[in-house]
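User: I'm new to this one, could you walk me through it?
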Amino acid sequence: MEVMDARGLLCPEPVLITKNEMEKLGQGAFQVIVDTSAARDNITRLAKSKKWEITVEPRGDEFVLTLKK
Amino acid sequence: MQRNVLIVITGAIIAVMALALVKLGNPQNMGFCIACFLRDIAGGLGLHRASVVQYIRPEIIGLVIGAFLTSVFTKEYRSLGGSSPFTRYIMGIFAMIGFLAFLGCPLRMLLRISAGDLNAVVGLVGLVTGVLIGVFFLRQGFSLGKAVPQNRAGGYFFPLFMAALLVFLLTRPPYIFFSAEGPGSMYAPVAIALAAGLIFGILAQRTRLCLIGGIRDFVIFGDFYLLYGFLAILVVALVGNLMLGSFHLGLQNQPIAHADGLWNFLGMTLAGFASALLGGCPLRQLVSASEGNADSGVTVLGLVTGAAFAHNFGLAASAKGVTSPGQIAVVIGFAVILLVGFLNIKARRGVS
């Protein structure tokens, strides 16, 4: 499973990275690592609007987001 | 859905507080204006000597402290930095020059529209245009690079700086400037303004309200979330102004505004473009800096520096319009932000 590293990026970049990956894959699964709650929330909203399943797992100061479709 | 409700309520509360602050003494259509208030603080600190816009605005102090405490409480505080800080500083300077050509940040723009100031509608068209240019660069892969974790204490200095400003405000030492006339002399009681700022900071941190982000996310993702907050401010303030009799539709004689459409448009286009590349409006930069982001802190310093330059060099607009040096500065600003844009496009991959 591909892991996208969006740590240290301000919005909207983490969301753009996620959106590009969604469009590239069409369906499947990948992970995005982010380190701000803003990025976590924005990607969660994007996933819901694009009908991807998302699970959020906190890891230290970071969040591992797993997206599936 | 629940989050959408929260951001609408946030927008409504901000609008009501903004109207109340004007009733209690703030300048017209300036219940809140992040750009104007940073400009006033720059003046209060003597960084510029425009005697009519010098005051240590407690709304800003409250906002930062509210957002900081909330981020600590919710464990969302992150000391981060290192994403092109000097570039952000320069961009902050020119964003402010754009805002001060228009006379307001996106928040004051909404408040001006809600009071019938049609010059602010021109500003809105400019702001949207600027964000669209920024989105074009973002889609091409524009990035200022990654921030990395800094020492945890690094982010404490931003709220501490605000605490120092609060001491200056309360003790009024002789080396801090307070306007005797003009907008800087008009202010709501300190305790109320501080409390309004605190509430604003808490809500803005929770909702991540951003007026640039509202337009940006709608354009890029068709996401309405931030736009709901934007619209809530506009609608509630509009209703409030109609009820209070402070709605005056027109272009001429609007409070702390000018009717030069071209420069209202271009000023906001420049500011919107710079803000979109910076990742948020002045409000969002303040909140992000309060959450520990040193790059946003540097951006706020850029905004403050831009305000100082704007008044020291005669670039800021007045009711008469934008001066020739101000117009030249806006044009230089476009050149600089375009340069930043082109120099920072890279292939966006992000695979670890």
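User: Is helix H11 of chain B buried or exposed?
Analyst: 16 of the 18 residues of H11(B) are buried (20 or more other C-beta atoms, placed from the backbone, within 10 Å of the residue's own), so H11(B) is largely enclosed by the rest of the structure. This is a predicted model, in which local features need pLDDT of at least 70 and side-chain atom pairs count only at pLDDT 80 or more, while totals for chains, interfaces and linings use all residues. Residues are numbered from 1 along each chain as its sequence is written, and chains are lettered from A and ligands numbered from 1 in the order in which they are written.

User: Switching topic, how many residues are in the contact between chains A and B?
Analyst: Chain A puts in 26 residues and chain B 22, where contact means C-beta atoms, placed from the backbone, within 7 Å.

User: Which helix of chain B gives the most to that side?
Analyst: Helix H9 of chain B, residues 211–221, does, with 5 residues.

User: What about H5(B) and H10(B), which hand is their crossing?
Analyst: The crossing is right-handed, meaning that the near helix is turned clockwise from the far one by less than a right angle.

Methods: Contact = placed C-beta atoms within 7 Å. Helix = DSSP H or I, 4+ residues; strand = E, 2+ residues; numbered from the N terminus. Buried ≥ 20, exposed ≤ 12 C-beta atoms within 10 Å, placed from the backbone.
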